[in-house]
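Colleague: I would like a close look at one part of this model, the hairpins and the side chains that link them. Please take me through that region in one connected account.

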Amino acid sequence: MCSYPGWKVERGIAQAKDVAMATNENRIALVGSLDFVNERFNDVTVAVVDMEGCAKVRQKIRGPFRKPEVEKASVLKTAAGPMLTLLKQAGKVFGGPCEVFYAGSVAPPK
């Protein structure tokens, strides 16, 4: 086993531990693993996260590197958009917590 910043690598599988980046406007985080031996994405999820680390948009990737299955990020957002907006507003009013997707070392944009 060896470690790289943000990754734990063991037996050809790189497990994301604290993988994220921040731009001037967004923070993007990744969870899941990359199986280099079998050349596969293992339930990788990439998300744009807010100030609290809650996923605003997420996209799942799985399957072989050469032909991955990439979930459409906008499907849930489009179908449930109005309901999600109401729930989000209610959560802010009542102080409801979100499900934290990312709580690592990369700070949110200022």
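Modeller: What follows starts with the chain as a whole and then turns to the hairpins, the aromatic rings and the disulfide.

The model is predicted, with a mean pLDDT of 83 for the protein chain and 75% of its residues at 70 or more. The chain holds one helix and eight strands, in the order β-β-β-β-β-β-β-β-α from the N terminus. Of its 110 residues, 23% count as buried. Among contacts between residues at least 6 apart in sequence, 34% join residues at least 24 apart.

The part you ask about is built on strands 5, 6 and 7. Strand 5 (residues 27–35) and strand 6 (residues 40–49) run antiparallel and are joined by eight bridges. They form a hairpin with four residues between them, and in that turn Glu39 has a positive phi of about 50 degrees. Strand 6 also runs antiparallel to strand 7 (residues 55–64), again with eight bridges. This second hairpin has five residues between its strands, and Gly53 in the turn has a positive phi of about 90 degrees. Strand 6 therefore has bridges to strand 5 as well as to strand 7, where strands count as paired if at least two bridges are found between them.

Ser33 is buried because its relative accessible area is 6%, under the cut-off of 20%. Beyond its neighbours within four places in sequence, Ser33 is in contact with Arg40, Phe41, Asn42 and Val44, and also with Ile13, Ala14 and Gln15.

The structure holds two aromatic pairs. In one, the ring centres of Phe36 and Phe65 are 5.8 Å apart with the planes at 65 degrees, so the pair is edge-to-face. Phe36 lies in the loop between strand 5 and strand 6, and Phe65 in the loop between strand 7 and strand 8 (69–70), so this pair ties together parts that are 29 residues apart in sequence. Both are partly exposed, Phe36 with a relative accessible area of 48% and Phe65 with 27%. Phe65 also pairs edge-to-face with Phe41, at 4.9 Å centre to centre and 70 degrees between the planes. Since Phe41 lies in strand 6, that pair ties together parts that are 24 residues apart in sequence. The ring pairs link Phe36, Phe41 and Phe65 into a cluster.

A search of the whole structure finds one, formed by Cys54 and Cys98 with their sulfur atoms 1.3 Å apart. The link is left-handed, with -55 degrees about the S-S bond. Cys54 lies in the loop between strand 6 and strand 7, and Cys98 in the segment after helix 1 (74–94), so the pair ties together parts that are 44 residues apart in sequence. Cys54 is buried, at a relative accessible area of 7%, whereas Cys98 is partly exposed, at 34%.

Over residues 74–79 pLDDT stays under 50, and the model has four contacts for them beyond four places in sequence. Where pLDDT is low, the predicted coordinates should not be read in detail.

Definitions and conventions: Residues numbered from 1 in each chain as written. Predicted model: local features only at pLDDT ≥ 70, side-chain atom pairs only at ≥ 80, totals over all residues. Heavy atoms only, no water. Helix = DSSP H or I, 4+ residues; strand = E, 2+ residues; numbered from the N terminus. Buried < 20%, exposed > 50% of the residue type's maximum accessible area, 1.4 Å probe, protein only. Contact = heavy atoms within 4.5 Å. Disulfide = S-S within 2.5 Å. pLDDT = per-residue confidence, 0-100. Phe/Tyr/Trp six-rings, centres within 6.5 Å; stacked < 30°, edge-to-face > 60°.
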